[in-house]
Amino acid sequence: MEHTNIESRDAETVEHLWQSVVPGARISRTEAIQPALAWHAATEPGFAICDYTIGSTMLVESDPRDQVVLGRIAGPRVTGTYRRERIDTSTPFMVVDRPLEIAFTGRIAGSAVSFARSDFDDAARRLSGDDSLRVRATGHGPVNEQRLRYWSRTWEYSRDVLLRSSERTPLIEQQARTLLLEASLLTFSTTFTDALAAGRPSRPLPAPVRRAKAFVEAHAAEPVVLADIAQAARLSPRGLQYAFRAATGRTPMQYLRRVRLDAARAELRNADPSVETVAAIAARWGFSNLGRFAAMYRGEFGETPSTTLRS
């Protein structure tokens, strides 16, 4: 992880630092920054955590884009607006899909953590056993006080490890990141916590379905057809179609398409736009029709492949 500790009174620097946690952050209005921003952060692709203090009169809009952002902001004169509603920023909150607007005057102390939406989905599927689950916000706050206490303890531990400890190792940092992601998933109101509250227990996938998934994930870049997946699952194509849909809510070929889209997105994010093209990356993952690929990609991720490549 990359660690940053800095103080600044420059508005452009302040905005840039916030964008390292929330790329869609933008300072809409500001007066003199006094006292200076004191910033402590740890970042890596798909994850960021920060602590900060700042004094000013400022309006900040934070668009989460394809992230899940969690934060807490304390100060005597702070106003938070999310989904056209005022929220209490001194209580931990979650921002997904829509921008959060923060206006404040005077000194504030804030904390924030952001995760890639895809990491949230992956963790929800792993913890629930429901491969078709996609995390959607059903609120912005903790589901109850007990979960809030659990999240707060996990947050304090993760902050100590990632921002305050003088002895860091990649293994411990990744453990702290995973603990905080899972605590956030379990604490804030989403389709995942709704499923838990409704008493829908996780069920292990049938062995043929697990074999089919493993084959798809290992051979997604190859010209795979249904018969190949069925052979790996040790079922007939019709039997696999039935078993896979019953267990996951989708067909094996739909799952293959999603794995390929996720892989293409990961490659687009890491590619150099001066060297790579959307067409070349799409072709590597089995999408020969660029227009169809762009339509599926936008439907799945809410932006065009070229936007991801340039970001």
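## Close-up views of a predicted model

View 1. Of the 54 residues in the largest nonpolar core, the ones touching the most other members are Trp-18, Trp-39, Ile-49 and Ile-54. (A nonpolar core is a set of buried Ala, Val, Leu, Ile, Met, Phe, Trp, Tyr and Cys residues joined through side-chain atoms within 4.5 Å; buried means under 20% relative accessible area, exposed over 50%, and partly exposed in between, with a 1.4 Å probe and protein chains only.) Strand β4 (residues 47–63) gives this core the most, 8 residues. There's also a second, separate core of 29 residues, with Val-224, Ile-229, Ile-281 and Trp-285 among its members. Before you go on: this is a predicted model, where local features need pLDDT of at least 70, side-chain atom pairs count only at pLDDT 80 or more, and totals for chains, interfaces and linings use all residues. Residues are numbered from 1 along each chain as its sequence is written, and side-chain values use heavy atoms, with hydrogens and water left out.

**View 2. Trp-39 and its contacts.** Skip the neighbours within four places in sequence, and Trp-39 is in contact (heavy atoms within 4.5 Å) with Thr-4, Asn-5, Ile-6, Leu-17, Trp-18, Ser-20, Val-21, Cys-50, Asp-51 and Tyr-52.

**View 3. Strand β3 and its partners.** Strand β3 (residues 37–44) has 6 of its 8 residues buried, so the rest of the structure largely encloses it. (Strands here are DSSP runs of E, at least two residues, and helices are runs of H or I, at least four, numbered from the N terminus.) β3 pairs with strand β1 (residues 2–8) in the antiparallel sense over 7 bridges; two strands pair if DSSP finds at least two bridges between them. Look for Glu-2, whose bridge partner in β3 is Thr-43. β3 and β4 also run antiparallel, joined by 7 bridges, and here His-40 stands opposite Asp-51 in β4. The hairpin of β3 and β4 has 2 residues between the strands, and Gly-46 takes a positive phi near 85° there.

**View 4. Strand β5 and its partners.** In strand β5 (residues 67–74), 6 of the 8 residues are buried, so this strand too is largely enclosed by the rest of the structure. β5 pairs with strand β9 (residues 100–116) over 8 bridges in the antiparallel sense, and Ala-74 sits opposite Ala-109 in β9. Strand β8 (residues 93–96) runs antiparallel to β5, with 4 bridges joining them; find Val-68 and you'll see its bridge partner in β8, Val-96.

View 5. Helix α3 (residues 145–164) has 20 residues and reaches 27 Å from first C-alpha to last, close to the 28 Å expected at 1.5 Å a residue. (The expected span is 1.5 Å times one less than the number of residues.) Its buried residues include Trp-151, Trp-155 and Arg-159. At the N-terminal end, Asn-144 caps α3, with a side-chain oxygen 3.2 Å from the backbone nitrogen of Gln-146.

**View 6. Helix α6 and its buried face.** Val-209, Ala-212, Lys-213 and Val-216 are the buried residues of α6. Seen down the helix axis, they fall within an arc of 95° (taken from the directions from the axis to the C-beta atoms), so they line one face of α6. An α-helix has 3.6 residues a turn, so residues three or four places apart point the same way. The buried residues of α6 pack against α7 (226–233), α8 (237–248) and α9 (252–270). Lys-213 counts as buried because its relative accessibility is 13%. Not counting residues up to four places away in sequence, Lys-213 touches Asp-131, Leu-205, Phe-244 and Tyr-255.

Technical notes:
A polar contact is a pair of N or O atoms within 3.5 Å; within protein, one must be able to donate a hydrogen and the other to accept it, and residues adjacent in sequence count only if both atoms are side-chain atoms.
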